[in-house]
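Work through the following exercises with the sequence and the model side by side. Try each task before reading its solution.

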Amino acid sequence: MIGPSGNVKVYLACGVTDMRRGIDGLATLAREVIKQDPGSGAIFGFRGKRADRIKLLWWDTQGFCLYYKVLERGYFPWPTAKDGVAHLTAGQLAMLVEAIDWRRPAWTSAPLRSG
């Protein structure tokens, strides 16, 4: 997949977003709600009311890219509206796209073999 670098800034619009919005509407939310320049190269994330779909908006220096994912089952973990704007790392974004709760991952490592 062609995409942003590993040190990209990621912002989530907390709460619910109208998923009927397209690129222009989401860019306006990035500017007015998240208070960031939508053309900055950062990724802006939005989740719908049903929690089973997200949109990610990113400017790649030539134009806007819009990633839209709808889950068959489950939901995307998301901060509440009272949180305002959430900042994620590229690793947390990767977990979010896979519908893993990036706030509390339950990662375990395999036990080490004794020699």
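Two residues are in contact when heavy atoms of theirs lie within 4.5 Å. The model is a predicted one, in which local features need pLDDT of at least 70 and side-chain atom pairs count only at pLDDT 80 or more, while totals for chains, interfaces and linings use all residues. Residues are numbered from 1 along each chain as its sequence is written, and side-chain values use heavy atoms, with hydrogens and water left out.

**Exercise 1. The surroundings of Asp52**

Task: Find where Asp52 is placed, decide whether Asp52 is buried or exposed, and list what Asp52 is in contact with beyond its neighbours within four places in sequence.

Solution: Begin with the place of Asp52, which is the loop between E2 and E3; helices (H or I, at least four residues) and strands (E, at least two) are DSSP runs, numbered from the N terminus. Next, take the accessibility, for which buried means under 20% relative accessible area, exposed over 50%, and partly exposed in between, with a 1.4 Å probe and protein chains only. Asp52 counts as buried because its relative accessibility is 11%. Then set aside the neighbours within four places in sequence, and the contacts of Asp52 are Lys69, Val70, Leu71, Gly74, Tyr75 and Phe76. Finally, the side chain of Asp52 makes a polar contact with the side chain of Arg53 at 2.9 Å. A polar contact is a pair of N or O atoms within 3.5 Å, where within protein one must be able to donate a hydrogen and the other to accept it, and residues adjacent in sequence count only if both atoms are side-chain atoms.

**Exercise 2. The surroundings of Tyr68**

Task: Describe the place of Tyr68, and say which residue lies over the face of its ring.

Solution: Tyr68 has its place in strand E4, residues 64–70, and is partly exposed because its relative accessible area is 40%. Leaving out neighbours within four places in sequence, the residues in contact with Tyr68 are Met19, Arg53, Ile54 and Lys55. Two of these names can be followed further. The side chain of Arg53 makes a polar contact with the side chain of Tyr68 at 3.3 Å, and Lys55 lies over the face of Tyr68, at 5.0 Å from the ring centre. For such an arrangement, NZ of Lys or CZ of Arg must be within 6 Å of the ring centre and within 35 degrees of the ring normal.

**Exercise 3. Aromatic pairs**

Task: How many aromatic pairs does a search of the whole structure find?

Solution: Rings of Phe, Tyr and Trp (its six-membered ring) pair if their centres lie within 6.5 Å, and planes under 30 degrees apart count as stacked, over 60 as edge-to-face and the rest as tilted. The search of the whole structure finds two pairs. Tyr11 and Phe44 are stacked, with 5.6 Å from centre to centre and 15° between the planes. This pair links distant parts of the chain, since Tyr11 is in strand E1 (residues 10–13) and Phe44 in strand E2 (residues 43–47), 33 residues apart. Tyr11 counts as buried at 7% relative accessibility, and Phe44 counts as buried at 0%. The rings of Trp59 and Phe64 have centres 4.9 Å apart and planes at 70°, so this pair is edge-to-face. Trp59 is partly exposed at 27% relative accessibility, and Phe64 is partly exposed at 30%.

**Exercise 4. The nonpolar cores**

Solution: A nonpolar core is a set of buried Ala, Val, Leu, Ile, Met, Phe, Trp, Tyr and Cys residues joined through side-chain atoms within 4.5 Å. The largest has 18 residues, and those with the most contacts inside it are Leu12, Ile43, Leu88, Leu93, Leu96 and Trp102. The elements asked for are E1, strand E3 (53–59), strand E5 (85–88) and helix H2 (90–97). H2 provides the largest share of this core, four residues. Another core, of twelve residues, lies apart from it and includes Ala27, Ala30, Phe44 and Phe46. Helix H1 (residues 23–32) has Gly25, Leu26, Ala27, Leu29 and Ala30 as its buried residues, and what covers them includes E2, E3 and E4.
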